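Hi,

Here is the structure I said I would pass on.

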Amino acid sequence: MSTLAMPKPDEATLGRRVTIIADLKAIVPGEGVVEAVNEMRAFESDGLTAYRQLPLVVVLPETVAQVSRVLKYCNERNIRVVPRGAGTSLSGGALPLEDAVLLVMSRFNRILGIDYPNRTVTAQPGVTNLGITHAVEQEGFYYAPDPSSQIACSIGGNVAENSGGVHCLKYGLTANNVLGIEMVLMNGEVVRLGGKHLDAEGYDLLGLMTGSEGLLGVVTEVTVRILKKPETARALLIGFPTSEQGGQCVADIIGAGIIPGGMEMMDRPAIHAAEDFVQAGYPLECEALLIVELDGPAVEVDHLIGAVEAIAIQNGSTTCRISTSEEERLRFWAGRKAAFPAVGRISPDYYCMDGTIPRKELPRVLAGMRDLSETYGLRVANVFHAGDGNLHPLILYDANKEGELHKAEAFGADILRLCVKVGGVLTGEHGVGVEKRDLMPEMFNEADLDQQMRVKCAFDPNHLLNPGKVFPQLRRCAELGRMHVHRGQVAFPDIPRF
């Protein structure tokens, strides 16, 4: 098991559990409160299953009024709250706390409105990412951000993590496709940011909320833009003898002014795992596989295919297949979309990382990961959004072997340090959560982190929303900028410092 440090449970809250549960049942009646230990097991972790913790109690509200009342109740009684969507987070962002109410938004699962003239969909946060596309595809529209977990992940969780996907290179992340939200603050106040219009006046609070990881408020409604499906979409499968050559091809394609609809890369372990799982027709003799999708008018797509093929040949490609039908294009993508579960078949456990680097550094970072793999004695399978430099190395390990989880964590931390060293960042779309929390000082100094914490204080001055996530140490708002040691005594000694 991991020795992850989390905020010390509040004994007073634990002692009032029976009363708290009774009060919450009055706010969310029926089956809206889950208190039995066996029933709460389903919520003890998110997609980062290396870390598990039972919550104080689970609450599943169905209305905005209930969310507001629950948050206000907890705020007035100093009870911590951890928001949760579909639980697919890969950074531990929805990891429960022993003394916290787990606020699960899965019952907010309705499409509230479709506005084709304005090209928007308004949905509750529990609607799945793919559910939005399903709601509008009969009219030829779709929702562009498409994370691999799109069949299960919720649009509210996408907002919390600023999720991307294979098509975010051309069409943007969640932040580029969300127009408005309704959210509830920790004090119970309901706030609307943005709307169906293109932009809003004043400070970009919508941008602030997107990617805030449940630290600032609880989203109860989301308005997103939808796009018309392109006239033509075709994909190329390009094989390379080395990952470095594949990485250089990515940089050269973008450098030539070509912006594919999607551009993904997989290395040999991931290629073989995906092919065994899906039978997508991947070339098994290559060390790196690039999937490049080009969309738009047919004439433009045909021209770009020729240009990309020429760039690939210049970089030493050994194979190149071009989709000739929609079925074949989808088959090319099926292996990439199923890469994570496919890798799960070749290893008892894997640790999925998420860092982003400048595209030109791909060859250097891939070589560095290979060296780290030898150092730690653990295999790594690479699957990533090559077009925007968002890496997803999958570190293979066996949790039943003593010390292997710790080795995997250390290996992952070194990968992220390497990302920062070459000018990248700690996360691209999975968020910081608990997974990267203690690495934040690798990228930000104390003044940077204090300034970010001040934003948190403006929304949640008592630090009750999702504590222990993102920031490497807890600080009271009054303490920021005033850290002082006098005669060996640190101010506010009762505050946990991870």
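Let me start with E161, which sits in helix α6 (residues 155-161). Helices here are DSSP runs of H or I with at least four residues, strands are runs of E with at least two, and both are numbered from the N terminus. Before going further: this is a predicted model, where local features need pLDDT of at least 70 and side-chain atom pairs count only at pLDDT 80 or more, while totals for chains, interfaces and linings use all residues. Residues are numbered from 1 along each chain as its sequence is written, and side-chain values use heavy atoms, with hydrogens and water left out.

**A buried charge**

E161 is buried yet has no salt bridge, and the nearest side chain of opposite charge, K436, is 7.6 Å away. Some cut-offs for that: buried is under 20% relative accessible area, exposed is over 50%, and partly exposed is in between, using a 1.4 Å probe and protein chains only. A salt bridge puts a side-chain nitrogen of Lys or Arg within 4 Å of a carboxyl oxygen of Asp or Glu. As for charge, Lys and Arg count as positive, Asp and Glu as negative, and His and the chain ends are not counted.

What does E161 touch, not counting residues up to four places away in sequence? The list is S89, S91, G211, E213, E429, H430 and G431, where contact means heavy atoms within 4.5 Å. One of these, E213, has a phi near 60°, a positive value in a residue other than glycine. E213 lies in the loop between α8 and β10 (218-225), and it counts as buried because its relative accessibility is 7%.

R119 also has a positive phi, near 55°, and is a residue other than glycine. You will find R119 in the loop between β5 and β6 (120-123), partly exposed at 39% relative accessibility.

Helix α15 covers residues 404-421, and its 18 residues should span 26 Å at 1.5 Å a residue; the end C-alpha atoms are 25 Å apart, which agrees. (The expected span is 1.5 Å times one less than the number of residues.) Buried residues in α15 include L405, A408, F411, G412, I415, L416 and C419. An α-helix has 3.6 residues a turn, so residues three or four places apart point the same way. Just after α15, G423 takes a positive phi of about 100°.

Now to helix α4 (residues 64-76), where L71 is found. L71 counts as buried because its relative accessibility is 0%. Setting aside residues up to four places away in sequence, L71 touches V81, L103, V184, L185, M186, G188 and V218. L71 and L103 are 32 residues apart in sequence, with their C-alpha atoms 9.1 Å apart in space.

Leaving aside neighbours within four places in sequence, Q66 is in contact with I27, V28, P29 and P61.

**Salt bridges**

How many salt bridges does the structure hold? There are 26, and here are some of them.

- R107 pairs with E62, with the closest N and O atoms 3.7 Å apart. R107 lies in the loop between β4 (100-104) and β5 (111-115) and E62 in the loop between β2 (57-59) and α4, so the pair ties together parts that are 45 residues apart in sequence. R107 is partly exposed at 28%, as is E62 at 47%.
- D146 pairs with K337, with the closest N and O atoms 3.4 Å apart. This pair links distant parts of the chain, 191 residues apart: D146 is in the loop between β7 (141-142) and α6, and K337 is in helix α12 (residues 326-337). D146 is buried, with a relative accessible area of 6%, whereas K337 is partly exposed at 24%.
- Salt bridges that share partners join R41, E44 and R52 into one network. Within it, R41 and E44 have their closest N and O atoms 3.1 Å apart. R41 is partly exposed at 42%, while E44 is buried at 12%.

Enjoy looking around!
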